[in-house]
Amino acid sequence: MVVRASAYADELVKTAKTIASPGRGILAMDESNATCGKRLASIGLENTEANRQAYRTLLVTPPGLGNYISGAILFEETLYQSTVDGKKIVDILVEQGIVPGIKVDKGLVPLVGSNDESWCQGLDGLASREAAYYQQGARFAKWRTVVSIPNGPSELAVKEAAWGLARYAAISQDNGLVPIVEPEIMLDGEHGIERTFEVAQKVWAETLYYMAQNNVMFEGILLKPSMVTPGAECKDRATPEEVASYTLKLLQRRIPPSVPGIMFLSGGQSEVEATLNLNAMNQAPNPWHVSFSYARALQNTCLKTWGGRPENVAAAQEALLLRAKANYLAQLGKYTS
Ligand code: 13P
């Protein structure tokens with residue numbers, strides 16, 4: 001069987017390498033309008049397009065952000081959005097040296113036949129949507145599906161998650177977008193770190209298997225795993241060194257060194273915890289670029305500091321730069337709190 005390579009093969013490898021460049025990581029700012037509404041409600045703002053625009057303008061304009069951030073994941077609205085001053089957000093990112101990316105999944109729905117688990121929609125029409133996103137300036141994509149440990153995970157849920165990610169990855173590469181492959185293993189639960197490790201090995205084994213079956217080019221993808229931690233309600237907490245040791249063991253067992261970048265999600269960890277764990281993983285050289293793709297662990301303080309007030313924009317941007325720089329140092333293994 002001869003498999004046609006993506007016409008974008010060289011560009012995909014280059015894009016993935018640019019995003020996985022030393023010290024830098026991804027700013028995840030792809031909250032759907034509904035999730036963005038929850039964030040805005042937490043500071044007493046209404047979920048209007050103007051408020052979302054103001055917040056997203058704040059996030060992309062701090063001078064020097066590109067020193068620490070190599071890629072920004074946008075929600076579809078933002079890919080077509082301009083700042084308050086009428087400048088395209090995509091153009092600002094490119095000027096900052098940040099690659100624009102786009103969330104392409106259509107969210108989670110109940111998985112019939114499972115133990116109250118979910119699956120991720122979005123494959124129908126994906127190729128044509130992605131072709132349009134490429135035209136609009138996006139160069140990478142994200143698809144987030146979830147796996148729940150307290151609810152199983154069932155064989156069915158893991159297979160569905162892995163297969164969906166693999167189809168998405170192949171379609172994205174065919175349309176010039178580097179796929180970020182994100183099977184989030186949710187933190188919820190009382191389970192210990194060993195159980196998370198076991199589930200993560202299963203999920204990544206299947207995801208890599210189906211990606212190989214779909215002829216995904218591993219040099220042109222990025223992975224977005226959860227770190228291997230105890231469940232959020234587990235009484236036995238883990239040190240950053242323990243989290244790093246389990247997580248690196250997972251990567252060594254499951255991820256080939258041809259994959260250029262492992263961009264972790266923060267998944268509800270505190271800002272400092274997420275930085276410390278990343279720093280611990282970078283105490284010795286790794287075959288991959290081990291970095292961050294955080295939403296909450298980059299934005300929490302920034303959002304609170306802003307509070308929706310124009311006079312707080314500069315301080316909020318400082319807060320974002322502080323977290324971005326801390327994670328930059330952690331990517332280099334040089335963070336000290
Ligand atoms: P968190 O870092 O808040 O878990 O978000 C990750 C994510 O998937 C958003 O793109």
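How close do the axes of H9 and H10 come, and at roughly what angle do they cross? In this predicted model, the two axes come within 8 Å and cross at roughly 55°. H9 and H10 are therefore oblique to each other, and their crossing is right-handed.

**Helix pairs**

The residues that bring H9 and H10 together can be named. From H9 they are Pro240, Glu241, Val243, Ala244, Thr247 and Leu248, and these meet Leu276, Asn277, Ala280 and Met281 of H10. By class, this contact has 7 nonpolar, 2 polar and 1 charged residues.

On the H10 side, Glu271, Thr275, Leu278 and Asn279 take part, and on the H12 side Arg323, Ala326, Asn327, Ala330 and Gln331 do. The residues of this contact divide into 3 nonpolar, 4 polar and 2 charged.

Helix H9, residues 240–254, has a further partner in helix H8, residues 193–213; the axes come within 10 Å and cross at roughly 25°. That angle makes H8 roughly parallel to H9, and H8 passes H9 in a right-handed crossing. Here Ile193, Phe197, Ala200, Gln201, Trp204, Ala205 and Leu208 in H8 meet Glu242, Tyr246, Leu250, Arg253 and Arg254 in H9. The classes in this contact are 8 nonpolar, 1 polar and 3 charged.

The table sets out the geometry of these pairs.

| Helix pair | Axes come within | Crossing angle |
|---|---|---|
| H8 and H9 | 10 Å | roughly 25° |
| H9 and H10 | 8 Å | roughly 55° |

Just after H7, Gly176 takes a positive phi of about 85°.

The loop between E6 and H7 holds Pro153. The peptide bond that leads from Gly152 to Pro153 is cis, with an omega near -15°. Asp116 has a phi near 60°, a positive value in a residue other than glycine. For context, most residues other than glycine have a negative phi, and most peptide bonds are trans.

**The shell around the ligand**

Which residues come nearest to the ligand? Of the 13 residues around the ligand, the nearest are Ala28, Leu265, Ser266, Ala295 and Arg296. By class, the shell is made up of 6 nonpolar, 2 polar and 5 charged residues. Strand E6 (140–147) supplies at least two residues of this shell, and helix H11 (296–306) likewise supplies at least two.

Definitions and conventions: Residues numbered from 1 in each chain as written. Predicted model: local features only at pLDDT ≥ 70, side-chain atom pairs only at ≥ 80, totals over all residues. Helix = DSSP H or I, 4+ residues; strand = E, 2+ residues; numbered from the N terminus. Near = placed C-beta within 6 Å. Nonpolar A, V, L, I, M, F, W, Y, C, P; charged D, E, K, R; others polar. Contact = placed C-beta atoms within 7 Å. Axes fitted to C-alpha atoms, helices over the stretch in contact; angles between N-to-C directions. Parallel < 35°, antiparallel > 145°, perpendicular 65-115°, else oblique. Left-handed = near helix turned anticlockwise from the far one by under 90°.
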